[in-house]
Amino acid sequence: MKLFLAALGLALVIEAIPYFVFPEKMREFFRRIPEIPVNVLRIMGLAFIALGLLLVYVATAYAGNAPSIRISIKETGAPVEIEGTDLLIRELPSFEQVDLDKSDPVYRIALTPGGMKINQRTWPATHLVLASGDGVIRIDGKRFQGRVEVVKTARNHLLLINDMDLERYLVGLINHEISSAWPPEAVKAQAVAARTYAYFQKEKKLKDLYDLESSVLDQVYGGIGLEDERAAAAVRATAGEVLTYQGRIIKAVFHSCCGGRTENSEAVWGEMMPYLRSVPDPYCTESPRYYWKYEIPLSDMSRRLSLGAITKITLRNRTASGRVRELEFGFDSGQKRDYSGEDLRRLLGYDNLKSTNFRVESTVDEIKFSGSGSGHGVGMCQWGAKGMADKGFSYRQILQHFYQGVKIERKY
Ligand SMILES: [Zn+2]
């Protein structure tokens, strides 16, 4: 379609140019034209050239390159050290170039009451944009591609944002999320899900400074250091593909391992999303976190809840997929309080309480959790995707299993 439009536009321009440039000759050439005045021919030519150019423009705009994506790398109250070859720093919004002493490739940026200090010089700036000669910038030893912005926030912190090409971002992301050594169909499924999620966040956060966090809150991104050819191949093979539901880009969340059944979106975030339904997943049993245990001394747990010594734990209810919805804790002070499974994960650490799919037992001095799976359990199960790919399912089948009723569309 895009190619057809572009070709049609070009053909129109080429056809129309002689009418505009040599209207007399065209009048001689075609016998029926003599009745049409030269100026009208010229205007017709111009109009067709304009129409042709418009078609070419529309076609190339639709063919558009991958959009850029803005990822927050970190926010800190401490100075940051940034390294790059032939680093160029400009101030925003004026775009004025910051004069740098280039003898040292490491730039230490700190906040000052009036702006920022770069190495020994102070600038009255609150927003800097950095680009390096070879396109790579190092922060805390991690390599990032594209531009890096340093922003002074309202909380008087330095916020570092990486602004880069979305497709390149996906290549670097794969090995932070899964392993590119997994079967190619599973890696492609991950690429499409991550691209869709990034797109969804980009549309939602139009007015914000950045689109994505580089943490478990969004997708785990740590720069281009883990890029490899297998990851790049999966991204290329699915270039521009996103998941849609009734024509709209979906919130394509994913997690490590569901433990046998994924979760409904409303059970975790309260919002019902028609494509994030609980589905059975017999494919993720290979995950090292398919079964897990976590034990915590009763005294530690009491301290964390800070309502007195825990005397009783009662499971109040589970979600439709079998995950813990609410637990009631009783304390020696006589108080009782309900905690959701997600509350407890936040409180005890997501690495300790790996999912809300657990059983809980208490002994005289300990609380023992034994559970299954890792992560919130909504959307695509990454280990399940691997298991499905091992069994011969395609990335499309994998995505359509974990995201119900979706279509795979090419965005560019
Ligand atoms: Zn699973």
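Analyst: The model is predicted. Its open sheet has three strands in the order 16-21-20, and their pairing is antiparallel. The edges are taken by strand 16 (291-297) and strand 20 (358-362); each has a single partner strand, so one side of each is left without a neighbour in the sheet. On average, and with direction ignored, neighbouring strands of this sheet are turned by 15 degrees against each other.

Strands of a sheet pair through backbone hydrogen bonds, in a parallel or an antiparallel way. Here, seven bridges join strand 16 to strand 21 (residues 366-372) in the antiparallel sense. Within this part of the model, tryptophan 292 has glycine 371 of strand 21 standing opposite.

A helix also belongs to this picture. Helix 8 (residues 298-305) lies across strand 16, strand 20 and strand 21. Relative to strand 16, helix 8 runs at about 80 degrees.

The helix packing can be taken next. Two packed helices are described by the angle between their axes and by the distance between the axes. For helix 4 (residues 166-177) and helix 5 (residues 184-204), the axes come within 10 Å and cross at roughly 125 degrees. Helix 4 and helix 5 are therefore oblique to each other, and their crossing is right-handed. On the side of helix 4, the contact is made by Leu166, Tyr169, Leu170, Leu173, Ile174 and Glu177. Helix 5 contributes Val187, Gln190, Ala191, Ala194, Arg195 and Ala198. Sorted by class, the contact of helix 4 with helix 5 has nine nonpolar residues, one polar residue and two charged residues.

Helix 4 also packs against helix 6 (residues 229-237), with axes that come within 9 Å and cross at roughly 135 degrees. Helix 4 and helix 6 are therefore oblique to each other. The crossing of helix 4 with helix 6 is right-handed. The contact of helix 4 with helix 6 divides into seven nonpolar residues, one polar and one charged.

Definitions and conventions:
Residues are numbered from 1 along each chain as its sequence is written. This is a predicted model: local features need pLDDT of at least 70, side-chain atom pairs count only at pLDDT 80 or more; totals for chains, interfaces and linings use all residues. Axes are lines fitted to C-alpha atoms, for helices over the stretch in contact, and angles run from 0 to 180 degrees between N-to-C directions. Helices (H or I, at least four residues) and strands (E, at least two) are DSSP runs, numbered from the N terminus. Angles under 35 degrees count as roughly parallel, over 145 as roughly antiparallel, 65 to 115 as roughly perpendicular and the rest as oblique. A crossing is left-handed if the near helix is turned anticlockwise from the far one by less than a right angle, and right-handed if clockwise. Two residues are in contact if their C-beta atoms, placed from the backbone, lie within 7 Å. Ala, Val, Leu, Ile, Met, Phe, Trp, Tyr, Cys and Pro count as nonpolar, Asp, Glu, Lys and Arg as charged, and the others, Gly among them, as polar. Two strands pair if DSSP finds at least two bridges between them.
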